[in-house]
Amino acid sequence: MSAKLSSRSRAAGLAVAAIAVLAALLLPAAAGAHAVLDESVPARGAVLEQAPAEVKFRFNEPVESSLGGVRVFDSDGTEVQDGKLDSSGDGREIGATLPESLPAGMYTAIYQVVSADSHPISGGITFSVDSPGGGGLDAAAGASSISELLASSESGPVTEVGFWLDRWIGFLALALVTGALGWLVLVWRPLRTKGPEAAADGADAVGRRLRGLILAAALVGVVASLVAIPFQGAIATGKDFWHSFGGGIPGEVVSTRFGTMMLVRAAGFLAMVPLGLLAVRACREGRLGRGAAGAVAIAAAGTVALMLTPGLAGHASTQDPTWLLLPSDVVHVGAMAAWSGGLAATLWLLPAATGAAPSPESRTAVLLAGMLRFSAVALIAVGLIALTGAIQAVAEVGSFGALLDTAFGRAVLAKILLFAVLIGLGAANRKRVIPALVARRSDGASPGGAGLSARRNLRIETALVTVVLAVTAALVSYPPPDSIGAGPASGSVVTAGDRIEYTLDPARTGKNEAHVYIFDDSTGAPVEVKGIELTFDPPTEGDTPIEADVRKAGPGHYVAPAMTLAIKGKWTVAAAIRFSRFDERIETFEVEIR
């Protein structure tokens with residue numbers, strides 16, 4: 001009966017997961033929260049008769065300006081800002097003051113800040129100061145393009161991979177310490193008090209292994225949490241890991257949401273140490289004594305802190321509705337840690353209990369009881385993972401197309417597929433392993449081949465779970481698709497040495513305004529053209545393309561005001577640019593209308 005119940009429970013878990021994932025991708029998405037540039041002063045491509053006193057960038061949400069900044073370069077690539085970083089009271093505006101007088105010429109301003117969801121964002125504009133007699137634009141020769149300046153400020157692949165590896169190790173440590181605590185309370189204690197009497201014989205051996213597991217994972221977790229602080233500083237400021245220790249960068253990271261949460265996470269790992277020191281006693285006693293109970297209580301408080309930090313440092317605390325997404329994220333992290341860490345704990349700790357049993361049949365009884373108890377815990381965890389994962393998919397992915405078109409979506413899709421494989425593997429294994437153990441217990445035999453199969457299956461599941469955590473470590477570094485698409489849509493293409501930047505505002509159904517900027521990609525100077533035509537091709541076949549009314553707004557700057565785009569989806573925009581009588585180029589790009 002137990003075997004049949006376990007198999008049916010696993011099958012039910014698989015069905016719940018499939019229904020939840022399907023519902024997640026069919027329901028409408030919630031609004032995202034990832035900083036988008038709203039406006040700049042001076043405006044992009046502006047030609048000014050007088051030098052501005054400062055350069056400002058304003059975003060649609062607060063940003064962490066202490067980690068990034070605004071830098072302004074002249075045509076020789078020399079920084080000209082005076083080093084004072086200004087920000088508004090609401091945290092949405094960041095700027096840098098300039099010297100009292102700037103010579104005529106082209107200037108490029110770039111920004112590097114950290115969004116509220118801990119993702120670094122960057123971009124830039126160009127503007128020019130033209131003397132009253134003209135000629136100021138000629139001073140732009142040799143200037144670096146925006147893309148070149150931003151590329152020179154990036155941390156590089158080694159630092160990015162190192163940060164991913166640190167996050168992965170941190171997630172593994174979190175899963176292990178949480179899974180170990182859950183295994184102690186939900187699997188071992190009932191097994192010790194209500195299970196086979198032979199389980200008591202392995203209490204000391206289980207306790208020693210539990211002590212080593214908790215202390216090692218807690219130590220690794222503390223180190224990974226603290227190392228994440230300079231890594232975040234390196235990514236945000238465009239430095240490599242070792243250079244991020246200079247200029248007070250780690251201290252600046254600590255003052256941000258992400259840095260604070262890393263310190264809280266490190267404290268959560270330290271809270272596990274008392275339990276590790278008392279692990280043997282906690283496993284030996286059928287009822288937790290005063291000291292062991294206190295250690296478990298401290299560890300439980302540390303677990304709550306560990307469960308909160310991913311959401312508070314990332315998307316869940318910055319997206320609407322926060323009241324739903326943050327608790328959902330906490331439950332999701334807790335359930336995933338209980339399941340994945342519980343798998344590792346079962347693989348490492350349960351053999352210590354079975355190995356100490358005095359007889360073959362008692363070893364089978366202990367192994368079967370332990371597997372059944374963890375199977376019940378895993379079933380609940382799987383259901384919670386599926387439910388909370390569906391909620392997060394609704395808010396952060398939003399559509400089937402985003403699963404394939406964005407890095408975030410592809411990472412989510414990878415997690416869904418791995419999750420489905422794990423559930424299917426668990427269900428299939430329990431159909432064979434649990435009944436085999438039941439039969440061998442009835443025959444008074446040792447676990448034999450069934451025990452070896454159980455250990456092999458646990459190893460495979462544990463390995464797959466580590467891959468899931470690796471994907472999760474990559475996932476948290478990507479902004480959600482809806483966050484990317486919030487607000488104006490913008491992009492750029494480079495053709496024959498010219499950089500064409502476009503912005504469509506607000507990129508939603510109804511009235512939209514399109515801006516096209518044409519620059520020399522080497523100098524950043526506006527490029528004068530004979531004319532430009534914009535054609536918007538709807539996402540649905542058979543609809544008539546829209547010819548935009550394009551007007552010149554300034555040097556290299558063209559605007560198409562008050563266009564009505566009534567259909568949601570990806571519109572294809574064709575920009576026919578006449579550089580001369582005999583030179584016309586057509587560039588196409590896609591914009592998402594929401």
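How many nonpolar, polar and charged residues does the lining of the largest cavity have? The views below take up this point in a predicted model.

**View 1. Cavities across the model.** The count comes to 6 cavities of 30 Å³ or more. The largest cavity has a volume of about 70 Å³. The second largest cavity has a volume of about 60 Å³.

**View 2. The lining of the largest cavity.** Tyr-502, Thr-503 and Leu-504 are among the residues that line the largest cavity. Ala-514, His-515 and Val-516 also belong to this lining. So do Leu-534, Phe-536, Val-573, Phe-589 and Val-591. By class, the lining has 9 nonpolar and 2 polar residues. It holds no charged residues.

**View 3. The lining of the second largest cavity.** Thr-178, Gly-179, Gly-182, Trp-183, Leu-186 and Val-187 are among the lining residues here. Ala-338, Gly-342, Phe-374 and Val-377 line the second largest cavity as well. The residues of this lining divide into 6 nonpolar and 4 polar. None is charged.

**View 4. Helices around the second largest cavity.** Helix 3 (157-194), helix 10 (322-355) and helix 11 (360-396) each supply at least two residues of this lining. Which helix gives the most to the lining of the second largest cavity? Helix 3 does, with 6 residues.

Methods: Residues are numbered from 1 along each chain as its sequence is written. This is a predicted model: local features need pLDDT of at least 70, side-chain atom pairs count only at pLDDT 80 or more; totals for chains, interfaces and linings use all residues. Side-chain values use heavy atoms; hydrogens and water are left out. On a 1 Å grid over the protein atoms alone, a cavity is a set of points where a 1.4 Å probe fits but cannot get out, and a pocket is an open set with protein on both sides within 12 Å along at least five of seven lines; lining residues have an atom within 4 Å of a point. Grid points are joined across faces, edges and corners, and a volume is the space filled by probe spheres set on the points. Ala, Val, Leu, Ile, Met, Phe, Trp, Tyr, Cys and Pro count as nonpolar, Asp, Glu, Lys and Arg as charged, and the others, Gly among them, as polar. Helices (H or I, at least four residues) and strands (E, at least two) are DSSP runs, numbered from the N terminus.
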